[in-house]
Amino acid sequence: MLVKIEERNKEEILVVNSREIAEDFERVHKDVVNSIEKLIVGVGENSYTYFIESKYQNDQNKQWYKEYLLTRDGFSLLVMGFTGQKALEWKLKYIEAFNEMEKELKRLYKERQQWEIERQKGILIRHILTDTIKMKIADSPNKRFAYPNYTRMIYKAIFGRTADDLRADFGVKPKESIRDYLTAEQLKEVESLEMLVSSLINVGMGYEEIKNFISEKYTGLARLVG
């Protein structure tokens, strides 16, 4: 892959690897590194926005060596002086790769924003469900199990899997929530069913009635995990 997404300081950026540049433009990597370091001196204190020092392990001798990750602007600065037909062809390939990966990064940002929205909505809806349970279900030793029981019911209806199965599928760690591993679309499905359960509790339906109702209504629900 010519261009990849790298996480730096909890932010994703697009970068290319100095070793791949050296190979693609038929240059010695050491010379490419030297050229980058001259540019770093010229750019000054803001050079980190262009060039990120990194290292790689040689497969043969297992030694670690210096390399650089270049942002789009860093790549442009470096290859500006590369000439020839083949160099031009590779420049065009990298520009196309940057453009494609930029689209992917925007898609990821949009998906993450939607996930955050659904996650916050989910918190409010869970409060509605727990409050409904407190107010509408008669006190009993088993009342404290009502919310987790309904949650398990909901997961089973949507995903066709038990909560324990989902934890295993996603590799959910202790004290983590399954919902942190769901997509925005999956969260939306869970929220929709939680609101339905709250409504059914409000009209006086018991657990078994609700379970049967959901089982009948959601038998054909598309499975979102797989």
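**Overall form and aromatic pairs of a predicted chain**

Of the 226 residues of the protein chain, 34% count as buried, meaning under 20% relative accessible area with a 1.4 Å probe, protein chains only. The model is predicted, with local features needing pLDDT of at least 70 and side-chain atom pairs counted only at pLDDT 80 or more, while totals for chains, interfaces and linings use all residues. Residues are numbered from 1 along each chain as its sequence is written, and side-chain values use heavy atoms, leaving out hydrogens and water.

Let us turn to the overall form. The C-alpha trace spans about 80 × 35 × 35 Å along its principal axes. The secondary structure comprises eight helices and four strands, taken as DSSP runs (helices H or I, at least four residues; strands E, at least two) numbered from the N terminus. Along the sequence they follow the pattern β-β-α-α-β-β-α-α-α-α-α-α.

The aromatic rings come next. Eleven aromatic pairs are found in the whole structure; rings of Phe, Tyr and Trp (its six-membered ring) pair if their centres lie within 6.5 Å, and planes under 30 degrees apart count as stacked, over 60 as edge-to-face and the rest as tilted. One of these pairs, F75 with F98, is tilted, at 5.9 Å centre to centre and 50° between the planes. This pair links distant parts of the chain, 23 residues apart: F75 belongs to helix α3 (residues 72-79) and F98 to helix α4 (residues 85-136). Both F75 and F98 are buried. Together with F25, F82, W90 and Y94, these two residues form one aromatic cluster.

Methods. Buried means under 20% relative accessible area, exposed over 50%, partly exposed in between (1.4 Å probe, protein chains only).
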